[in-house]
Number of protein chains: 2
Amino acid sequence: MRLATLRDGSKDGRLVLVSSDGLRYAFSPVATLQAALEQWDAVAPELLAMVQFPEPLAGQDIAAPMPRAWQWLDGSAFQSHGDLMCQVLGMDPIETAVPLMYQGVSDKFYGPLDDVKFPDETLGIDFEGEFGVIVDAVPMGTKAADAMDHIKLVVQINDWSLRALAGPEMKTGFGWVQAKPPCSMAPFAITPDELGTDWRNGRVCLNLNVAWNGEHFGSANGEPMGHGFHELVAHAARTRDLVAGTVIGSGTVSNANFREVGSSCIAERRGIEVIDQGEPKTNFMKFGDTVHMEAVDADGRAPFGKIAQEVVRG
Amino acid sequence: MRLATLRDGSKDGRLVLVSSDGLRYAFSPVATLQAALEQWDAVAPELLAMVQFPEPLAGQDIAAPMPRAWQWLDGSAFQSHGDLMCQVLGMDPIETAVPLMYQGVSDKFYGPLDDVKFPDETLGIDFEGEFGVIVDAVPMGTKAADAMDHIKLVVQINDWSLRALAGPEMKTGFGWVQAKPPCSMAPFAITPDELGTDWRNGRVCLNLNVAWNGEHFGSANGEPMGHGFHELVAHAARTRDLVAGTVIGSGTVSNANFREVGSSCIAERRGIEVIDQGEPKTNFMKFGDTVHMEAVDADGRAPFGKIAQEVVRG
């Protein structure tokens, strides 16, 4: 099942069910994805029973599947990314047995084709391609094995980052505020079964193709997460209930063979340049730059659709 | 103007206007505080014009004024608190010219009289008495001088903390997730003018009386913030728009003469014990413990009402 949200002037938009070829849609009986997630067990069968897609999906104003969420928690589950970033920031590797996770701003997710505004080009504007999941209500103390059943939808995310602000904020120990403005989402939120065997052990085992200004930048695979999404959900729920509609991210998709497959963020490429050449050679994004992100399966199908955005002055 | 939210079965409750003596109320023409903040310039005059308070306020099920918010950002604006905490955690003082701030969970604020559930008594359950503000929509890049006008309401908050988890999370640089479950709010959100001259330079210049299990624990004053709330709002808005209803906190109220006035959290008292006696003597909270918090003015009036909560097993 693929779900999308069309802009209709309201803050949460209008939920639609999208045909498996991504070309047509039907209005969901429940107006918003938030509302659907709050009563998922009742709504999902209704959606599954829909077989007519009367409207062509072409040119509509598409929002993020969740245009806003009550909570957004982002992990950093790819070890090769974390190691590179620590090396570049001159930090010791972060020693922790539990997943790394920060609380991010959730009151807005950009749609897949929205321009993304920043106040200043010198802040180190960077993209971060990642995957995420959306859960129904998860009670405090839910264990990882049980958390898997709470994962109702999978999404593809661009976690915008301002690198010039990230290091100083990280060093305070308080985490990121200014360095992490709102993220973007690809058009389709999909049920895990849509991924078939590419959904394994709580991981999205697809290549995430990233292009910057039209040039291929990376196609890292989502499988090598150090913790699966069910473990990230359980981590998040250790001391709090998670409300339905909570979004949990993987962190930047990254593979140990990054020199072959490329990266999902500029910072990582710069890290490799520091290691290989002593200093970073690649600059961050400028106003007018574009980034495209699209996870593809072995058949070349893009289950989440495509993120295609331009960075603009805010 | 004093506002409160009564529980009515809905997630955001029912907004009411409370008489200046806190004894009676009237239903607001707009149902929720979130909705009121989204159209504050139109709604505030309507509320101000209301002079009849037909209902006695006694025994109702009172929620937090904002039972949930789209964003909660908490500062740490009291230098004496930060210095003590670094000393206790064995960390160097945090060097930063800008305000310290973390993104917290916002999908729930406990009401002032709610039991507060935690999974485990060994996690270092602690209260943190603080003040906060609620803004209308603040555009990205708003400067501190302009941010003052966006502060529509002032609140009193208990920022629940799990200290056993706080240090390790802080050391990752990712900030707090497990260590910061949902906060609580005192019953009344008030316009700054309700504070009269106790609202100065973006600060709530009142003593915050804190009692633990019925015993006086502290009465630090809110004036010595290193950054005023308008500066915290501007900091938060540097790289993002703030939606109406964003809540921004001061961090634990703390004064340099903490040995005289006491503290607003247990960790700080333990820090003083470490300095004075070589080790902490005071334990954290146990299930069944209570905490009361009430800011009072020179006339003994409590403009925010009182937080009175019990810690229970989740």
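## Strand pairing and the interface of chains A and B

In strand E19 of chain B, B:Gly218 is the bridge partner of B:Val210. Strands here are DSSP runs of at least two residues, helices (H or I) are runs of at least four, and both are numbered from the N terminus. This is a predicted model, in which local features need pLDDT of at least 70 and side-chain atom pairs count only at pLDDT 80 or more, while totals for chains, interfaces and linings use all residues. Residues are numbered from 1 along each chain as its sequence is written, chains are lettered from A in the order in which they are written, and side-chain values use heavy atoms, with hydrogens and water left out.

**The sheets**

Two strands count as paired if DSSP finds at least two bridges between them. In chain B, 5 strands form an open sheet in the order E9-E22-E21-E18-E19, and the pairing is mixed. At its edges lie E9 and strand E19 (215-221) of chain B, each pairing on one side only. On average, neighbouring strands of this sheet are turned by 20 degrees against each other, direction ignored. Such angles are taken between lines fitted to C-alpha atoms and run from 0 to 180 degrees between N-to-C directions.

Chain A has an open sheet of 5 strands in the order E9-E22-E21-E18-E19, also with mixed pairing. Its edge strands are E9 (116-118) and E19 (215-221) of chain A. Within chain A, strand E21 (residues 290-296) and strand E22 (residues 307-313) pair in the antiparallel sense over 4 bridges. A:Met293 has A:Ile307 in E22(A) as its bridge partner.

**The interface**

Between the chains, 43 residues of chain B are in contact with 43 residues of chain A, contact meaning heavy atoms within 4.5 Å. The buried area is about 4200 Å², and carbon and sulfur atoms give 60% of this. Buried area is the accessible area (1.4 Å probe) that two parts lose on being put together, summed over both.

Over all chains the structure holds 28 salt bridges, and the rule finds 4 across the interface of chain B and chain A. A salt bridge is a side-chain nitrogen of Lys or Arg within 4 Å of a carboxyl oxygen of Asp or Glu. Two examples are listed here.

| Salt bridge | N to O distance |
|---|---|
| B:Lys117 and A:Asp241 | 2.8 Å |
| A:Lys11 and B:Glu38 | 3.4 Å |

A:Lys11 lies in the loop between strand E1 (2-6) and strand E2 (14-18) of chain A, whereas B:Glu38 is in helix H1 (residues 33-38) of chain B.
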